[in-house]
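Open the model in your viewer and keep the selection panel at hand.

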Amino acid sequence: MGEFRPVADVLAFLAGSWRVERRVVDLAAGTEGRFTGTTVFSPLEDGGDGLLHHESGTFVWQGTPRPAERTLWFLPGGRAGTADVRFSDGRPFHDLDLSTGRHVAVHPCAADHYRGEFTVDDAGRWRTVWRVGGHAKDLVLTTDYVRPDQDTLGQGHGH
């Protein structure tokens, strides 16, 4: 494990555009998919504090490419520099505090349990690893985020 980069203000760190590559592994079925695209963290349209997270790209599952997108809200958290992440309909998703460069979040969802680990490598690179388990799912989703002006995805990760 490499050292993680502490982030004093999550929203300031995330603001802007990121290239995204996500590997999705279905442990039960032994299948794997890949998402490639972009994530843009932009100001909220209503002028409120926080960021709109919009991800768009292509998801390839069992050889079939499909367009994919999702939207989340990253709102100011309970402490300075943290975030409260919500689904686009306003439902709570998880908290986010990268003050140590690493954060673990959990999200119970009906029959499944989501556990996400967020790590920051440097000012232009961070990663999430979500482990989703339960009656309906047995997945690992690993997502690398890289600023467009950084080197290629998959290089330089300390973890």
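A residue is called buried here when its relative accessible area is under 20%, and partly exposed when the value lies between that and 50%. The model is a predicted one.

Start with Phe13. Its relative accessibility is 9%, so Phe13 counts as buried. The rings of Phe13 and Trp18 form a tilted aromatic pair, with 5.5 Å from centre to centre and 55° between the planes.

Next, select Phe59 and Trp61. Their ring centres are 5.9 Å apart and their planes meet at 20°; planes under 30 degrees apart count as stacked, so this pair is stacked. Phe59 has 22% relative accessibility and therefore counts as partly exposed.

Now move to the largest nonpolar core. It has 27 residues, and Leu14, Phe74, Leu96 and Trp126 touch the most other members. Helix H1, residues 10-14, supplies the largest share of this core, four residues. In soluble globular proteins, nonpolar side chains tend to be buried together.

Select Leu14 and show its contacts. Leaving aside residues up to four places away in sequence, Leu14 touches Phe41, Leu51, Phe74, Leu96, Trp126 and Arg147.

For the last stop, select Phe87, Phe93, Tyr114, Phe118 and Trp130, a cluster linked by ring pairs.

How values were computed: Residues numbered from 1 in each chain as written. Predicted model: local features only at pLDDT ≥ 70, side-chain atom pairs only at ≥ 80, totals over all residues. Heavy atoms only, no water. Core = buried A, V, L, I, M, F, W, Y, C linked by side-chain atoms within 4.5 Å. Buried < 20%, exposed > 50% of the residue type's maximum accessible area, 1.4 Å probe, protein only. Helix = DSSP H or I, 4+ residues; strand = E, 2+ residues; numbered from the N terminus. Contact = heavy atoms within 4.5 Å. Phe/Tyr/Trp six-rings, centres within 6.5 Å; stacked < 30°, edge-to-face > 60°.
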